[in-house]
Amino acid sequence: MLSIERLHQSWPDQAEALFDIEHVSWSAGQHVWLQGANGSGKTTFMRLLSGLEPVQQGRIDLFKKRSGAEEPRICYLHQTPYLFAGSVERNLQFVIRSLASAQRPAARVALDLGLQLAGLEGLRHQDAVTLSGGERQRLALLRAWLLQPDILLLDEPAANLDDDSVVLMHRLVTDLIEKGASIMVSSHQKNLLTKLCNTRWLIASGTLTASSLEAAASLRCRPA
Ligand SMILES: Nc1ncnc2c1ncn2[C@@H]1O[C@H](COP(=O)(O)OP(=O)(O)OP(=O)(O)O)[C@@H](O)[C@H]1O
């Protein structure tokens, strides 16, 4: 699904590289818990994977599921997501309009179910800027859910969320996994979302090491 070769990242005016990653590959069905100390480069790494940060040296290659298929779609969810001005529904309609026209009718139908899954149905007409932190995070995840990404990158998704919000986030993420998405969760603490992960990637001492975790709890993942 994705492979990384000789990825080097450094910042101007800093003597040491942030990280140098020789090789790592990510297969469909692998759900990654990304770990590392504060400042080790987890957010930067996710931004590189999602194309928000340009690659300085090395390569990140994405592979199509089959020849003729579309490029895998990647969504990155920041821990303080940006929301558009206007209602919750407007934020979602905006995302639906960004889809190819053939995908829009299904996304419009999915919208009601998504609002329910995210526990936002009662807030449909509320101005998004007035939402609480947990509601904002759920709305941002719901926007990603409507896009049906192949790869979902969640940057500290449970930070500052109460248990109920984490359960609602978990519902949306589980649904995406069941539809074939692979996830990466950056988190300092174990939580319901990290429990979905079967692979650990650790950024430390300027490089990345991969190891396996116990199989994700009772989750049947359909191969992408
Ligand atoms: N645009 C930038 N220019 C210069 N330095 C940057 C830039 N973006 C990030 N950094 C630095 O790169 C390092 C890694 O930052 P990053 O946010 O990726 O770490 P992190 O592992 O996600 O940290 P945390 O766990 O605290 O969220 C930090 O020292 C940060 O200050």
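Helices here are DSSP runs of H or I with at least four residues, numbered from the N terminus. I am working on a predicted model.

**Entry 1: helix α4**

I looked up where α4 ends. Gln148 follows α4, and its phi is positive, near 50°. The helix itself covers residues 133-147, 15 residues in total. I checked its span next. From first C-alpha to last, α4 reaches 22 Å. That is close to the 21 Å expected at 1.5 Å a residue.

**Entry 2: burial of α4**

Is α4 mostly covered or mostly open? I find it mostly covered, with 11 of its 15 residues buried. I listed the buried residues. Among them are Leu139, Ala140, Leu141 and Leu142. Trp145 and Leu146 are buried too. The list also includes Glu135, Gln137, Arg138 and Arg143.

Which elements do these buried residues pack against? I noted three helices: α2 (88-97), α3 (104-117) and α5 (163-178). I also noted two strands, β5 (74-77) and β6 (151-155).

**Entry 3: the sheet**

I moved on to the sheet. It is open, has 6 strands and shows mixed pairing. I read the order as β5-β6-β7-β3-β8-β9.

**Entry 4: β3 and β8**

I then looked at one pair within this sheet. Strands β3 (residues 32-36) and β8 (residues 199-204) run parallel, joined by 5 bridges. I looked up the partner of Val32. In β8, Val32 bridges to Thr199.

How values were computed
Residues are numbered from 1 along each chain as its sequence is written. This is a predicted model: local features need pLDDT of at least 70, side-chain atom pairs count only at pLDDT 80 or more; totals for chains, interfaces and linings use all residues. The expected span of a helix is 1.5 Å times one less than its number of residues. A residue is buried if 20 or more other C-beta atoms lie within 10 Å of its own, exposed if 12 or fewer, and partly exposed in between; C-beta atoms are placed from the backbone. Two residues are in contact if their C-beta atoms, placed from the backbone, lie within 7 Å. Two strands pair if DSSP finds at least two bridges between them.
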